[in-house]
Amino acid sequence: MSSPVQTLKLASDVQIPWLAWGNGSGAASKVPLEAGLTALKTGIRHIDTAQGYRNEGAAGEAIRKSGIPKDDVFVTSKLSGPTSGDKETHSLEEVRPAIQESIKKLGFVPDLFLIHNPFVVAPGDLKKTWQILEDMKAAGELKEIGVSNFRPQDLELILDGAKYKPAVNQIEYHPYTLTHLEPVLAIQAKHGIVTESYGPLTPLLRHPNGGPIKPILTRIAKRIAEANPNLPIPIDEVVVLLLWTRATGVVAVTASGNEGRIKLLADISYLPADLLKKEEVEEIINVGKTVHFRHYREHMEEDFALPSLPDGTA
Ligand SMILES: NC(=O)c1ccc[n+]([C@@H]2O[C@H](COP(=O)([O-])OP(=O)(O)OC[C@H]3O[C@@H](n4cnc5c(N)ncnc54)[C@H](OP(=O)(O)O)[C@@H]3O)[C@@H](O)[C@H]2O)c1
């Protein structure tokens with residue numbers, strides 16, 4: 001990457017821009033080409049897509065139309081379940097052609113390719129699916145490889161005898177999932193697997209009242225704004241929550257289809273890394289851990305016990 005984009009490091013030492021713009025949710029998913037172009041023009045350098053979003057082609061086209069060299073943009077895509085027909089899972093024979101189709105739609109090999117969730121193949125085929133990704137990486141057909149929505153048992157399964165450990169696990173990560181994620185995060189810390197957070201803004205956008213961290217985010221936003229009067233954007237709770245995500249060493253995978261908010265996300269991605277105080281990061285963690293609230297419930301709640309915590313609405 002030649003642009004001054006701010007990054008985190010994968011175990012391989014590859015730099016990954018800490019803020020990704022996804023084209024799989026909300027308004028962004030409906031106008032992925034236009035919104036993707038806006039994202040790139042305003043400074044976003046990490047695009048998150050997936051077979052299941054049916055927006056891989058738009059991601060590739062946005063980069064080509066932007067005139068920005070592909071090497072300056074980090075792109076993630078994912079092996080989702082079958083996108084046509086009635087089958088819910090791929091057979092093992094279908095995995096490699098499905099990945100090759102992603103590469104064709106994008107027009108390049110993505111910088112990071114993930115298994116979208118452990119249910120895209122039959123349970124008995126998950127380890128072999130990971131081995132197909134490993135083989136493709138070893139042959140230079142894929143670059144970084146990783147997983148998404150993997151529970152402790154899924155991580156343990158593929159790590160056992162793995163040729164390559166997953167570079168990342170992309171999961172719903174924010175203060176209100178921290179307690180539930182403890183066993184996942186412990187495995188990831190042990191094996192150098194970077195966490196990517198999707199739904200990072202859930203406490204502010206989807207929780208009915210923001211819960212107990214909201215007033216803390218408000219207070220911290222005010223403190224940062226007063227201490228740094230020359231910052232290029234107004235500092236609010238959204239900014240603080242995204243900065244908190246980065247401060248915990250996690251890649252934030254967010255989204256917007258709105259031009260003004262896309263520009264704001266781009267501007268956030270270039271803010272200095274040290275705006276949050278260590279004790280503020282800790283306070284958000286400690287208060288967040290007292291609540292369990294998740295928006296995306298279809299994968300991580302299956303055979304993975306939930307903590308008995310309040311949802312923070314009281
Ligand atoms: N691996 C998986 O299974 C998985 C699952 C879900 C999502 N993802 C990925 O993660 C991406 C983001 O997911 P998410 O939508 O859940 O992320 P999110 O960051 O929690 O929420 C994004 C939403 O925030 C709104 N927003 C953005 N900036 C804002 C601001 N400054 N103030 C107020 N609202 C703002 C946007 O709405 P507007 O468009 O109205 O601005 C957008 O719809 C997806 O597109 C996808 O790439 C992956």
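**Around the ligand**

Guide: Let's begin with arginine 206, where an N or O atom of the side chain is 2.9 Å from an oxygen atom of the ligand. A polar contact here is a pair of N or O atoms within 3.5 Å. Serine 256 has a polar side-chain atom 2.5 Å from a ligand oxygen, and for arginine 261 the corresponding distance to an oxygen atom of the ligand is 2.6 Å. The protein covers 87% of the 920 Å² of accessible area that the ligand has on its own (Shrake-Rupley method, 1.4 Å probe).

A word on the model: it is predicted, so local features need pLDDT of at least 70 and side-chain atom pairs pLDDT 80 or more, while totals for chains, interfaces and linings use all residues. Residues are numbered from 1 along each chain as its sequence is written, and side-chain values use heavy atoms, without hydrogens and water.

Now the wider shell. There are 30 residues around the ligand, and Asp48, Thr254, Ser256, Arg261 and Tyr296 come nearest; a residue counts as near if one of its heavy atoms lies within 4 Å. By class, twelve are nonpolar, 14 polar and four charged, with Gly counted among the polar ones and Asp, Glu, Lys and Arg as charged, while Ala, Val, Leu, Ile, Met, Phe, Trp, Tyr, Cys and Pro are nonpolar.

Helix H7 (202-205), strand S10 (251-254) and helix H10 (259-269) each supply at least two shell residues. H10 gives the largest share, three residues. Helices are DSSP runs (H or I) of at least four residues, and strands (E) of at least two.

Methods
A polar contact is a pair of N or O atoms within 3.5 Å; within protein, one must be able to donate a hydrogen and the other to accept it, and residues adjacent in sequence count only if both atoms are side-chain atoms.
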